[in-house]
Structure formats: C-alpha cells, structure tokens
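Dear colleague,

I am handing over the structure we spoke about, with the sequence alongside. Please look through it first, and then read my notes against it.

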2 protein chains.
Amino acid sequence: MTQKVVGTGARAGAPVVCVIGGGQLARMMQEAAIPLGIELRALVETEDGSAGQAIPYSTVGHAEDRDAIVEFVGQNVVTVEHEHIPDEILREIGSRPSADALRFAQDKLIMRNSLDAPHPQWREAHSAEEIDAAIVELGGTAIAKTPTDGYDGKGVAVVTSAADIPWDWADGDRILLEEKVEFTMEVAQLIARSPSGEVKAWPLVQSTQKDGICWEVIAPAPVDYALAERAEEIAKQIAEQTGVVGVLAVEMFVVGDRLLVNELAMRPHNTGHWSIDGAVTSQFEQHLRAVLDLPLGDTSPTQPWSVMVNLLGSQLADPREALGEVWKQDPGVKVHMYGKEVKPLRKIGHVTVCGNDLEDVRRRAHVAITIFEGKES
Amino acid sequence: MTQKVVGTGARAGAPVVCVIGGGQLARMMQEAAIPLGIELRALVETEDGSAGQAIPYSTVGHAEDRDAIVEFVGQNVVTVEHEHIPDEILREIGSRPSADALRFAQDKLIMRNSLDAPHPQWREAHSAEEIDAAIVELGGTAIAKTPTDGYDGKGVAVVTSAADIPWDWADGDRILLEEKVEFTMEVAQLIARSPSGEVKAWPLVQSTQKDGICWEVIAPAPVDYALAERAEEIAKQIAEQTGVVGVLAVEMFVVGDRLLVNELAMRPHNTGHWSIDGAVTSQFEQHLRAVLDLPLGDTSPTQPWSVMVNLLGSQLADPREALGEVWKQDPGVKVHMYGKEVKPLRKIGHVTVCGNDLEDVRRRAHVAITIFEGKES
C-alpha cells in the first residue's frame, strides 16, 4: 500500500499557480507545469479524480465554497479550469482571468449584448410569447440556449416553439434564441493574453461536433489565408475588449466568407489539445506562462498537420486495456488518457496524430479512437 | 497550507509502474506517464525531492532497504532510475531491466570482459605494480576508473602512475585502466528493447562533456550515414546480448571511422533528453512502454535538428527566477527544471531548442543556458 502525506506550503523557489477544478484540463496543466518547475496546486472535487491522480499538491474542496477557496489560494496566482465559480469569489481572490473577463464566457447574453464581434442573429426572451415571437423573427426554427451553465450540448436545443425547450424553465427566466446558422464549417481561434498585454495566437483550427460535443479538430483549418487572418483579428479584438488573461478560445461559424462568433471559453480548450503534440508551445504551457505574466511562447506548429480526436466513452471497462492494440496498429499515435471512469459520451481521453498528409493523419487518428472505443471494426 | 493524503493502492484500470529512485529521471518519467494514464509510483529519497514534487504516489525509502522495496513494489512492474540497487534485491523483485542485464551497466569490468563490442584497449589491475605496468602498456598515460559506482566524472582520472589515482583504494581493489582515446567526437546511441524482443533506436547523437559531465547533445549527430548505421548495429547487438528491457544508452568514441564503446546505461539517459521535444516518442514514454511490454513508439525526429544543453549549477539562488528573461530573449526555448537545489556543477535542469539550422539552434540553446546560469553576458 502506497501512502504519502505531502508537505505543507511551497517548496522554495518554485513559482506557484493554483487552479480551481480537478478535471482533465488541470491534469494537462500539470503535464506542462512539471518541466517548467512550476508548482501547480489544484482544488479538486475528489482526491483520486483526473487531476488529483497527477498533482501532489491538491486539496479537496468545492468550487462554490468561499472559505475553502480563499484558504487554498492564499497569496498565490490563481486560475480556473471551468466557469462555475461564483463571481464574488473570483473577485475576492483576484483570479486570472478576472471576474469581469469571465462574465463574457459565463453568460451568453452578456457576450451577445456586449461583445464587439460579428454574431449570428439573436433575441433575448423571458416568456413563451416572447420566445415564439423571436423564433418567427429568426425564420421559424431557432437555437434556444440557457445563458449560463450550458456545456457540451447541454442547455442547447433546436426549437420551433417555446414548447420544444427540453429543460425546466419558468416565466421570467432569460432564454437566448439564435438563428440556426447554415455554416460551411466550424472553426476555433485560440489565443493567449498576458496581464502585460502580450498576445499570441495559434493557427486557426477546424472543429467537428458529434451530438453537440467536440469530436475532431484539424490544425490548421483548411481555409484560405484571408479567412484565417480575419479569425485572428476577431479573437485579438475580443482578447483586448475583455482583458482576458490566459488562453481564450473563440468558436466561430464559417458562412461563406463570413465568420460569426458562436461561443467563448477563457481557459485551455478542447480545440487546443492538438498543440500538446503539434506546436512548439502547448496551450497548457501558454496558459501557465500567461497567468504568471511571463513572456508567451512560440505558437508555431511543429508539423504540417495535426488531427485530434476525442474518446467519448468506450465499450471497454477501461480504454487503457487497448493501449497495446492501438500501438500495434500504429506506433506513432499520441495517446492522452484522463484517468476518468467510462460513461457514455463522456470525454475520457483523446489522441493526436501529426504528419505531412492530412487524409492519412485523420485516418490514423480515427483508427486509434475506434480501437479505444472497443467497437468491432 | 496545502496538505494531502494520497489514496492507497491502484486506481482501477491504470497500468502501474514502480520506479526506484527520486531524481530527475523519475520526474521526467512522470511527465510521460500522466498522458498515457499510467500510474507511476516512485521510491524516493525525500518526499519533496525532484520526483516527489511531481508524483503523488511516492514512498520515501532507501534504494538498499530490501524490505521497503519489496513492500513498495508488490506485484507490479518495477524499473530503476539509477544503478545503485543491490543485485539480490533486483533479482527478488524481478526488475526491468533484470539484474543480469544491469550487471553490464553497474560494473565496467564485467562490461569490458563480457561484451561483444569494440572496446578501447584496457587492463584490469589490483596493485600499484599492476597499475604501473598497465599504464606503460597503454602508452604511458591511461584513464583509471573504479569499476562500479562512478558517474559524471567521479571515479575517473587521467593517470601516468598509480600515485595519480585520486580516490581511496587499497591493494586488492579492482582498478580498470583504459587507453586515453584520441577521439574525434563522442556519440551516444539510444535504443529501447521490450521483453517481447522488439527493438527501436533513435538517431545517433553527438555529446560534448564539460568536466566529465554531459553538457551539450546534438541530434542527430553530424556524421555520415555509414557510421550512424554501425552505431545502431553495435547498440542492437548489446541490447540482444544483455537482454536489456527499457532504454539502453551506448556512449561511444568516434576515432576516424571506428567506434569504441565507452559506457553503458540501462535507463533513460541524459543524451536522450532532446527526444522529449524533438522526437515523436520521448525516451521516457518509450521506457514505460518497454517495461510494460507494450509496442514501442515511433522514434523519428519531428524537426531537422535538436540541441539540448544541461544547466550545471547556477549563480542564481533559483534558476526559475530567470524564466522571464530567457523567454524574453527567445520565446521558443523548451525549458526543463528539475526542482533541485542549486549546487556547483549539479544537473538542475536542461533546455532544448529544435529547428532547421543547426548553428542557430545551438546558439539559442547556449544563450538560454547562460541566462539560467546567472552569468554576466
């Protein structure tokens, strides 16, 4: 039986970053923190969860427990791996990004109302009558969204009337309705900003969803240069306007030669996981550099194409059983397992393949995921 | 105060690897273990040492304490990060590599006597008379070595008579004497072997020493193809003969078009650190794959040139103070800090730079190291 009590307080000399949240994003931050000699501490939901398995200096605590968070953070730099921390706590601890910046990612109505960026057509509604009227104005079919707390397809529905909204809501609740955009492609622009105002962007990527969850990411997105340049300008503008610190992900629809902002995230994002294996500086290293106000790293890709595919659940009891089979088929696949229990459509890992030929790289990534999914091929 | 008691025993489903030793090699194994979902456990010298800072499932214990090691290992796969574990313990726990293989790396006289490989001229001596006679036969100047426990220039001396040997020795002690090879270059061939017999080699690298300690590594070594091919053949032959499992490093002298084996290590090695940033599969990931008997990874370089330079001590209290200055000068430098206290000539970190132009890449790596060393430039 292996058992250990970890020391108290900082080891001398190590820069310290505290992260609130114990999922795979904090786990992958730790992969970047170790080589840099940064001491990452995590406030985790469970001791042996995804991040707790990898971060010796973790503390169990709830993301809404003010006292636990204040004690955990102390005087250190603090960041977050999700948006579900109350605003007043974020203000008290001086989080990076700040509470003011995070409002744009936490509340889709604040984003739509305040962001200087191209949006899809949208309406705010508070009753069945307002919803039905908005749907008519938006063309008879619309996307209904809860302004807060939606993720991975939850709190999002295609509707033709107020009766179609699948979650519990009451008169007076804020409902966001958006036009159903007939997009040619979904893309994401990742960018990082430091408190000093330095900004660096990775190449634009293409993302493909499956049941509303990010599924495949191709870096760089196969689009023309002018579009990629415009996407970077939009993300830079949002970074400046919001004053974000750390990684910002701007998910956008491509409609012909137009770009429309879909969602924002202010933390490392699923559409940036490819950068661990395919860029000089990964989004996790960059996030740590940004929140510590260190110079930002080179975001160049190291290979012409990188393709990331998520492992969304598996029919295997544990996908790690399939490591041997995956590597027997293809010894160059980069595997990322999150140490999470298997549940249907849950993000439990991802693979990345890099190389010169996009179609070959895509095929290899999908073959590996199919094996990890435990499906008959 | 952050404090944590880590759980007991394995999380369900995780492949487990136990490593004896708590230095930077175990720390860098953890960087490779986390993404693969491998649970690495370390037997460390101190709880907050280099590996203890990064590995939640660590246990404090001594590498010569049989009972502590047997309890730590249990029924799991076990490997080592140094050669200082007694033979009978290695046998009892079934280490990978095995005790029989490790003898070749632990004892330079066993290596010289038994290895089917090209060696420098050498003699074994047990008294001042035998030493002096051997030195004459070897040309008047020789390299004296302790057969065991020497490392990083310790237990090695250039001698012209027995009186020159700088360490305590007594009549009857075994002394290895080797010709002073006038080499044109020092190279290292890294290779990994799994229990199933699969073998994969990285490109040959050039290494340069400073005071007997590895200082700079250039990957690939700037040598002709025929020489690189012969180096790989020698390493493969040694891997087969010794039955090594895991990473094997074969350090060799280049003398004209000849290769002479200098030293062996059976674990990830300083001359392979470049592979973290410059190869599809790092030596640390490959070592874990090999000891778990999983298929070995693609060893191709991802960029034309990688240069690694060690940080050997620093005039700064902690080199991490200089992260900002290093990255201000060059945002693309890959930094690896070991979380160790600064001591003169101690290996406390390394940097790697990858790119297309060897001279530019070398220059960038040395500029970064000079800043971390805290020297006036």
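This is a predicted model: local features need pLDDT of at least 70, side-chain atom pairs count only at pLDDT 80 or more; totals for chains, interfaces and linings use all residues.

Chain A averages a pLDDT of 94, and 95% of its residues score at least 70. The exception I would point out is the stretch of residues 1–10 of chain A, where pLDDT stays under 50, although the model has 45 contacts there beyond four places in sequence.

Turning to the interface, 56 residues of chain A are in contact with 56 residues of chain B. The size of an interface is often given as the accessible area lost when the parts come together. For chain A and chain B that area is about 5,200 Å², with 56% of it on carbon and sulfur atoms. Between the two chains there are two salt bridges, and one of them pairs the side chains of A:E285 and B:K334, with 3.0 Å from N to O. Polar contacts across the interface of chain A and chain B come to 14 residue pairs, with both residues at pLDDT 80 or more.

The largest share, six residues, comes from α1(A). Sorted by class, the side of chain A that touches chain B has 22 nonpolar, 19 polar and 15 charged residues.

Most residues other than glycine have a negative phi, and most peptide bonds are trans. Against that background, a cis peptide bond joins A:R96 and A:P97, with omega about 0 degrees, and A:P97 lies in the loop between α3 (87–93) and α4 (99–106) of chain A. In chain B, the peptide bond from B:A219 to B:P220 is cis as well, with omega near -5 degrees, and B:P220 is placed in the loop between β13 (213–219) and α7 (225–242) of that chain.

Two aspartates in chain A have a positive phi. For A:D211 the angle is near 55 degrees, and this residue sits in the loop between β12 (205–210) and β13 (213–219) of chain A. Its relative accessibility is 59%, so A:D211 counts as exposed. For A:D293 phi is about 55 degrees, and its place is in the loop between α9 and β16 (305–312) of chain A. A:D293 is partly exposed, because its relative accessible area is 32%.

Finally, where is A:I175 placed in chain A, and is A:I175 buried or exposed? A:I175 belongs to strand β9, residues 175–179 of chain A, and counts as buried because its relative accessibility is 1%, which falls under the 20% cut-off. Leaving aside neighbours within four places in sequence, A:I175 is in contact with A:R123, A:E124, A:A125, A:I131, A:A144, A:K145, A:I165, A:W167 and A:W169. A:I175 and A:P147 are 28 residues apart in sequence, while their C-alpha atoms are 6.5 Å apart in space.

With best wishes

Terms used. Residues are numbered from 1 along each chain as its sequence is written. Chains are lettered from A and ligands numbered from 1 in the order in which they are written. Side-chain values use heavy atoms; hydrogens and water are left out. pLDDT is the predictor's confidence in each residue, from 0 to 100. Contact means heavy atoms within 4.5 Å. Buried area is the accessible area (1.4 Å probe) that two parts lose on being put together, summed over both. A salt bridge is a side-chain nitrogen of Lys or Arg within 4 Å of a carboxyl oxygen of Asp or Glu. A polar contact is a pair of N or O atoms within 3.5 Å; within protein, one must be able to donate a hydrogen and the other to accept it, and residues adjacent in sequence count only if both atoms are side-chain atoms. Helices (H or I, at least four residues) and strands (E, at least two) are DSSP runs, numbered from the N terminus. Ala, Val, Leu, Ile, Met, Phe, Trp, Tyr, Cys and Pro count as nonpolar, Asp, Glu, Lys and Arg as charged, and the others, Gly among them, as polar. Buried means under 20% relative accessible area, exposed over 50%, partly exposed in between (1.4 Å probe, protein chains only).
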